[in-house]
Amino acid sequence: MIDAKKIGIIALLAGGMFINAIDRGALGVAAPIMIKELNMDPALMGVALSVFYWSYIVCMVPVGRFADKYGAKKALGWAAVLWSFMSAATGFVHSFYGLILTRLGVGAGEAAGNPLSAKVISENFSSEQRATATGFCLSGTKLGMAAVPLLMGFLITQWNWRIAFFVTGLGSLLWCICWYYFYKDVSEQVDVVLGPHKVAIPWKQFLTNRCVLGLMLTKFFLDYLWVLFVSWLPAYLIMERGFSIIKMGIYASIPWVVGFVAQPAMGYFSDWLIKKGVSVTKARKYTLVGSQLVAASVIGVGFVDDPIIAVILLTINIAGESASAGIMWTILAEVSPKGMGGTVSSAINTISSIAGVLAPTITGFIYKFTGSFQMALFVAGVGILISACAILFIVPEIKPIEFNKKSNM
């Protein structure tokens, strides 16, 4: 049973994921207007949307190692301060290069979000609770993605996109205060001063491990679809479906609200299977593959003429992607050896996050040269099918990875 203290941890993590999503997704909402004001074409905006992942990838492993050594409280708290200020600074930019700089800062800070949330859950929740806890935690991301088109749309309509970035960025600092005062690392919770410690990873073994390679491939294509949605969904509704800013805000939020429900629901179902005697491997793999197959139906969105039917299909796709993400992060927590939660999750997420560089850029160039998002959606859907095959046929039993620490350090 999840007690009050654990509920508090989930609430804090979900809140962090909420502001993470607001600051990550804000540029995608403002993109159609900024393209005109900053004299950028869709391909160039695609590059700007991908820049977030340049620093995100570089900082992932260092922040994971820092958290394993000094605790998630310090690492995640300071990271949130950084991304909040850099998101707010986007309101000052007047050129493509200024936008690049601020997005690098946001990406560097947000590199801590998902891996360190997985670390906190791994340290505070038992195996049969982790998928539920992860689902509720990551549902904060979906709620944030539901809120950002409405919030940014309102702020842009009432004032302008610059004010919108000031409000959302600086507003995120409120969570940092709550995190500082209310969360305690595991060592603090048991009142034991452990001091800084470092668990070495045998990198050669790690990067040739079948489970690691399978999870990297699985998560790569999941991230590709996720980033495409985060980066281009608002622009897709405006540029291809002809929605106004306000109408886009409403319709872009609906799929994420459904994702907000689907993520913890699938996590609870996966945990329920384990409690009923189903193995951890089957409970995690089969729920993930089922969710991936639902998400892969995004292939059909580009071939639909009616914009409302397209939104309905996108809602189904995002629900599947949301459920998949929750189970995926649970699996990362399950396979991480003790003391390596931040590092292992960060390392796998670093490689998979290369998709974050590719998805916005490829989508932007596809739109520039074809005038449509149809092929971009098709590519993402095929990728999800590859992801499902990877988790089924490459990833072995879901259990902590074992390394021979006497070699390849």
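Me: What should I keep in mind before starting?
Reply: In this predicted model, local features need pLDDT of at least 70 and side-chain atom pairs count only at pLDDT 80 or more, while totals for chains, interfaces and linings use all residues. Residues are numbered from 1 along each chain as its sequence is written, and side-chain values use heavy atoms, with hydrogens and water left out.

Me: Is Trp 179 buried or exposed?
Reply: Buried means under 20% relative accessible area, exposed over 50%, and partly exposed in between, with a 1.4 Å probe and protein chains only. Trp 179 has 1% relative accessibility, so it counts as buried.

Me: Which residues is Trp 179 in contact with, leaving aside its neighbours within four places in sequence?
Reply: Contact means heavy atoms within 4.5 Å. For Trp 179 the partners are Leu 12, Leu 13, Ala 72, Lys 73, Leu 76 and Gly 77. Leu 12 is 167 residues away along the chain, yet the two C-alpha atoms are separated by 6.7 Å.

Me: How many salt bridges are there?
Reply: A salt bridge is a side-chain nitrogen of Lys or Arg within 4 Å of a carboxyl oxygen of Asp or Glu. The count comes to nine. Arg 284 and Glu 334 form one of them, at 2.8 Å from N to O, and both residues are buried. Lys 399 and Glu 397 form another, at 3.9 Å; Lys 399 counts as partly exposed because its relative accessibility is 41%.

Me: Which residues do shared partners join into one network?
Reply: Salt bridges link Arg 130, Asp 271, Arg 284 and Glu 334 in that way.
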